[in-house]
Structure formats: structure tokens, C-alpha cells
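Subject: Structure for you, with notes on its charged pairs

Dear colleague,

Here is the structure I promised to pass on. My notes on the salt bridges follow it.

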Amino acid sequence: KKILVLISGSGSNLQAVIDKVHLSDNAGEVVAVISNKPDAFGLTRAQEAGIATDVVVSKGIAKREEYDALLGQAIDKYQPDLIVLAGFMRILTPDFVRRYAGKMLNIHPSLLPKYQGLHTHQRALDAGDEAHGASVHFVTEELDGGPVILQAKVPVFEGDTAEDLAARVLDQEHRIYPLAVQWFVAGRLQMQDGKALLDQQV
Ligand code: GRF
């Protein structure tokens, strides 16, 4: 199965998918990495793995629909079976999301449905939560609201800063994202009637 990854920054989740799926699972191949930021370090990670890269810059493009049309053209060149948003920091239009419904995943640094949106770690600290974590979900028109596939939980310790928490969560992201991608490329995972269905037979 062909996987296309969208990034905006460091690409540590991309690296986890490269290491644990692209290089280790014959069922899945990362065919391209596309960034909206030309200086995203994730582009270097892709190039070092011999994976094609494209940049579709968002700066200067006022209308979301316009950007998403350009992004869709870049994606469709590769005809991916799965689109993985990995630290991709743009909000996609409903039309774009509908085009790829059921084959687009995202990872969000919170235990959804808690803390949709940004600054999730600080919000968990401010709320005095004792547990926090990350969620892999299908992308739907609701921002960070699609059906959850897999979650990882981490403890919050006294004196944690948002950075401490982000690092603890990121470690778990690198564990659960490749797992969800492997399930999808193995044909075990699908979105049906707004729910994530996983074939439990192993
Ligand atoms: C991570 O915090 C992740 O939760 C969010 O984007 C951030 C950066 O991820 N989706 P990466 O290192 O660029 O994969």
C-alpha cells in the first residue's frame, strides 16, 4: 500500500513511520512526503530515506480552498492508499477532507475528545489532569474530532512543564502512530458510519 505523509516541521512522527513501516513492513511504502513549509526538517528525513518530497507553500495563499486545490494536485500525482498527517499544521477544508475520507489519519497530542486544538499540554497542566496522552484518529470535517483509532496515556508528574509533558507524549506518538498505519496497510482498519473499525483477528 502507498502511504503519503504531510508534514510542517521536524517530522519525528514521519521518522517513526519510515523506521517502523516503510523500512520494516512490506505492506506499506512511503511514496512521498509533502510539506507546506520549505524548511521543514522532515523533508531532510525523507530525502535521507530516498523518499520523494514536494513542497506546497501556504505562505501568501489567502484562500484555504486555493491552497487545498494545489495540495490535492500534488497528492494525486502519487495516488496514495493512505494519507498520514504528521505534525501537519494546517486546517483542511471540508471538501478536501471529504475527498480523502476514510484514508486520512492524524495524530493529536491529547486524549481526545479532551483538548481539541492547540496548546494541549499546557491546558492539561492548567486543569490539573493526572493523565494525558495522544490519539490517532481518522480525519473528518471536525477539527481533531474524527473517530479515534488508538490512544496512549502518560502520567502527569508534579512540577511537569508543558515541555516535559510534550516530550513524554511524543515518545508515545512514535509508538502508536506506526501501529495504526500498519493496521491500515494490512487492511485491518477502516472508517465506517463515522466509526473506526479494527479487525481484531491476529
Ligand atoms: C507533535 O507534538 C504532534 O503531536 C503534532 O505535531 C507535533 C510535531 O510532530 N501532531 P513531528 O515531530 O513534526 O512529527
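At 18% relative accessibility, Asp54 counts as buried (under 20% relative accessible area, with exposed meaning over 50% and partly exposed in between, for a 1.4 Å probe and protein chains only). This is a predicted model, in which local features need pLDDT of at least 70 and side-chain atom pairs count only at pLDDT 80 or more, while totals for chains, interfaces and linings use all residues. Residues are numbered from 1 along each chain as its sequence is written, and side-chain values use heavy atoms, with hydrogens and water left out.

The whole structure holds 7 salt bridges, each being a side-chain nitrogen of Lys or Arg within 4 Å of a carboxyl oxygen of Asp or Glu. In one of them, Asp54 pairs with Lys77 at 3.3 Å, N to O. This pair links distant parts of the chain, 23 residues apart, with Asp54 in strand 3 (residues 52-55) and Lys77 in the loop between helix 3 (64-76) and strand 4 (82-85); helices (H or I, at least four residues) and strands (E, at least two) are DSSP runs, numbered from the N terminus. Lys77, at 58%, is exposed.

A further salt bridge joins Lys114 to Asp129, whose closest N and O atoms are 3.1 Å apart. Lys114 is partly exposed at 41% relative accessibility, whereas Asp129 is buried at 13%.

Asp95 and Arg98 also form a salt bridge, at 2.7 Å from N to O, and they sit 3 residues apart in helix 4 (residues 94-99), so about one helical turn separates them.

Best regards
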